[in-house]
2 protein chains.
Amino acid sequence: MPGIRVTIKDLAKRMNLSVSTISRALHNNPSIGEETTREVWKLAKQLGYLPNSVASNLRRRKTNMIGVIVPRIDITFHSYVISGVEEIAYKMGYNVTIYQSKDSLEREVAITGILQTNMVAGIIACLALETQNCSHFTRFNSLKVPLVFYDRVSNDLEASKVIIDDFDAAFRVTEHLIITGCKKIAHIAGCQTTSIFASRLEGYKAALLQYNIPFDPNMVCCATDLSYEEGSRCTRKLLKLADIPDGIFCANDYTAIGAIQMIKKSNLRIPEDIAVAGFSNYPVSTIIEPSLTTIDDRAFEMGKTAARMLIRQIEDRDVNIASETVVIKTDLIVRDSTKRAVATEAPKTLVRREK
Amino acid sequence: MPGIRVTIKDLAKRMNLSVSTISRALHNNPSIGEETTREVWKLAKQLGYLPNSVASNLRRRKTNMIGVIVPRIDITFHSYVISGVEEIAYKMGYNVTIYQSKDSLEREVAITGILQTNMVAGIIACLALETQNCSHFTRFNSLKVPLVFYDRVSNDLEASKVIIDDFDAAFRVTEHLIITGCKKIAHIAGCQTTSIFASRLEGYKAALLQYNIPFDPNMVCCATDLSYEEGSRCTRKLLKLADIPDGIFCANDYTAIGAIQMIKKSNLRIPEDIAVAGFSNYPVSTIIEPSLTTIDDRAFEMGKTAARMLIRQIEDRDVNIASETVVIKTDLIVRDSTKRAVATEAPKTLVRREK
DNA sequence: ACTCAAAAAGCAAACGTTTGCGTAAATTTT
DNA sequence: AAAATTTACGCAAACGTTTGCTTTTTGAGT
């Protein structure tokens, strides 16, 4: 910043006042006379004075920067979260700085270092897929930098979390498939070392159990990155089974899209032959044909909530709360991909299959 | 940051050296003995010293923070740009702080103020739709803070730009529609006060002219925010014309999706009855049926380029360049929505229309 | 042994704020 | 009219680095 900035000193010199008086006046400190305060503000405007927050941060030993670590910015879910975070941060006078871990542990560790040297006031993070051990986050505890995890969280770390109830959501999706008449429901699952995907699998299993449908391991296909391509691949595998599924619950919308396209390519009908449900409610789920039944994971809301929680902790408004976990309500959004002819009982006759 | 940080002073005390020696050692300054330097580094590691960049920034009078202003983070295009910016910034040791103008001028002005108080080293921005006058950016000129605009840029401001050739891209799309046999091509245009959308309209007109197709104002429908809904609305209007179009060039993919769905709802075939092309190559364009012909605007590349240009300017590696404009190459991506039976000449016989 | 240059390290100011404490003037109280 | 308050402001240190200049130490050359 090599330009010529107007500083508090300049104002002081101009007005024959001390810098401390200027500083106080600009903060509307009552110990400064009204008249003086007014004059200071006037001159400040006139000269285009803008406070230097770097100096202020150093002196106050705190910034109003919120560090956000996301796996990737260009994944819809995360861009919505960031958007929510920025919205609240802006309103509350905080700045947001963003880093992508690219799901790499090494990079995540490096970023935590950067965040420390930058003296961020607080951190919002979604763990990298590679991350099993969160020790690189513990330093923030001793530095008293509050930490809020979202979506992919760690259980062996004392920190606040904002999550959805993946188990419950998965249960409801699966239940919905059962109620619409599916008897053999497959699940395209995410990486099982990540708790959210493990929970989704568990929710799926629990629903089967509750409705007395036997769990068949062949009906679960584990993906790694839950991409569109993996959705197609897993679906192809499922369609090669002797006994193919009549419903597929996919761990996210990308795989669900892949599944839908593969099923269509195989000349099977959706939802009549196979019903498909996804997870996340990405915009594309309304565009695909048939439109996709899915879980709205409220990404934007998640971001806003995480930001609010973090700022409350930064401002020490709940000193006695060590950590807090908020579960965001999700919605099951039923669209065409599961809208079968209603069959409360014995829907078998409706199920036709064609080669 | 109320925690107990290890500072350079602590290291100095521990080693009976002066702070300046420590500082130099940590920068591997050759005026410090090798032995000493090694010892300092060792102790720093041991005590977990991390530099305080706020202090450093204040002293050096510069930060390594890049400020990014986008209309909205959750728009695919911008999230890709941000992703590209972050990638380069991270590699080059810069941090990225993000603000959403929400297409509001007022907010954009406020953000420029914040960026100044935060002493950002440089700025990457996409103008808000509301912004006509860029005077709030001129302050950065005198502060010598480099500025790179992308996509929506201002012509009455001396600043670097990274853009695509909207005119050319629009020309090529339109030309493509003509070559595939369209005779009456409509255009769903964006807000004409924004130069990129004006250029797209011009490119469309130029292609018509070149191929001796008369320009019909009724065939142009101006949208404001180019949303999915606007795409449907404009298309409905077009379909009510006495002489409906046989091709539609939409100023972005969202409106193209809206158009496709409206056309399908009207029981017309794509591309046989009406061919549709979009602009941006959003992921959804491969998912929609038929898949969408569109222009790949290389958002990720744009972000990377903007970041590289900015950093070069920040580091003063081209002192004698006042401003630079880079035009990113775009690609026409032909998909099903325009794949008509090839008709180099007189394709009229192929065009059928049904009510 | 003596000078001199090079190498290694230290001093102290500066970056632009904030803030505890002190003080002078203005105002109120007795 | 003196004492006690209150009001309005100034002094100076501090935040953790960086850096121009000075000082000390070392070792080589004569």
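1. Relation of the two chains. In this predicted model, chain A is superposed on chain B by a rotation of 180° with 0.0 Å of shift along its axis, and the RMSD is 0.1 Å. That is the relation of a two-fold axis. In chain A, the C-alpha nearest this axis belongs to Thr97(A), at 2.1 Å from it.

2. The contact between the chains. The contact takes 44 residues from chain A and 44 residues from chain B. On the side of chain A that touches chain B, two or more residues come from each of H4, helix H5 (76–91), strand S2 (95–100), helix H6 (105–117) and helix H12 (284–287) of chain A. Divided by class, this side of chain A has 22 nonpolar, 15 polar and 7 charged residues. Of the interface residues of chain A, 100% are also interface residues in chain B, so the copies meet through the same surface.

3. DNA strand C. The surface near DNA strand C has 9 nonpolar, 11 polar and 7 charged residues.

4. DNA strand D. There are 27 residues around DNA strand D, of which Ser20(A), Thr21(A), Gly33(A), Ile8(B) and Ser20(B) come nearest. Here H2 and H4 of chain A, together with helix H1 (8–15), H2 and H4 of chain B, each supply at least two residues of the surface. H4(B) gives the largest share, 5 residues. By class, the surface near DNA strand D has 9 nonpolar, 11 polar and 7 charged residues.

5. Domains of chain A. The domain assignment divides chain A into domain 1 (1–38), domain 2 (63–158 + 299–329) and domain 3 (166–293 + 334–350). The centres of domain 2 and domain 3 of chain A, taken over C-alpha atoms, are separated by 31 Å. How many residues of domain 2 of chain A are in contact with domain 3 of chain A? There are 6 residues of domain 2 in contact with 6 residues of domain 3. The side of domain 2 that touches domain 3 of chain A consists of 2 nonpolar, 2 polar and 2 charged residues.

6. A sheet in chain A. An open sheet of chain A is formed by 4 strands in the order S7-S6-S8-S9, and the pairing is parallel. Its edge strands are strand S7 (220–222) and strand S9 (275–277) of chain A, each of which pairs on one side only. On average, and with direction ignored, neighbouring strands of this sheet are turned by 15° against each other.

7. Strand S6 (residues 185–189) and strand S8 (residues 247–250) of chain A run parallel and are joined by 4 bridges. Gly247(A) in S8(A) is the bridge partner of Ile185(A). Helix H11 (residues 253–265) of chain A packs on the sheet and touches S6, S8 and S9 of chain A. The direction of helix H11 makes about 160° with that of S9(A).

Technical notes:
Residues numbered from 1 in each chain as written. Chains lettered and ligands numbered in written order. Predicted model: local features only at pLDDT ≥ 70, side-chain atom pairs only at ≥ 80, totals over all residues. Least-squares fit on C-alpha atoms with pLDDT ≥ 70 in both. Contact = placed C-beta atoms within 7 Å. Nonpolar A, V, L, I, M, F, W, Y, C, P; charged D, E, K, R; others polar. Pairing = 2+ DSSP bridges. Axes fitted to C-alpha atoms, helices over the stretch in contact; angles between N-to-C directions. Domains from an automatic or database assignment. Near = placed C-beta within 6 Å.
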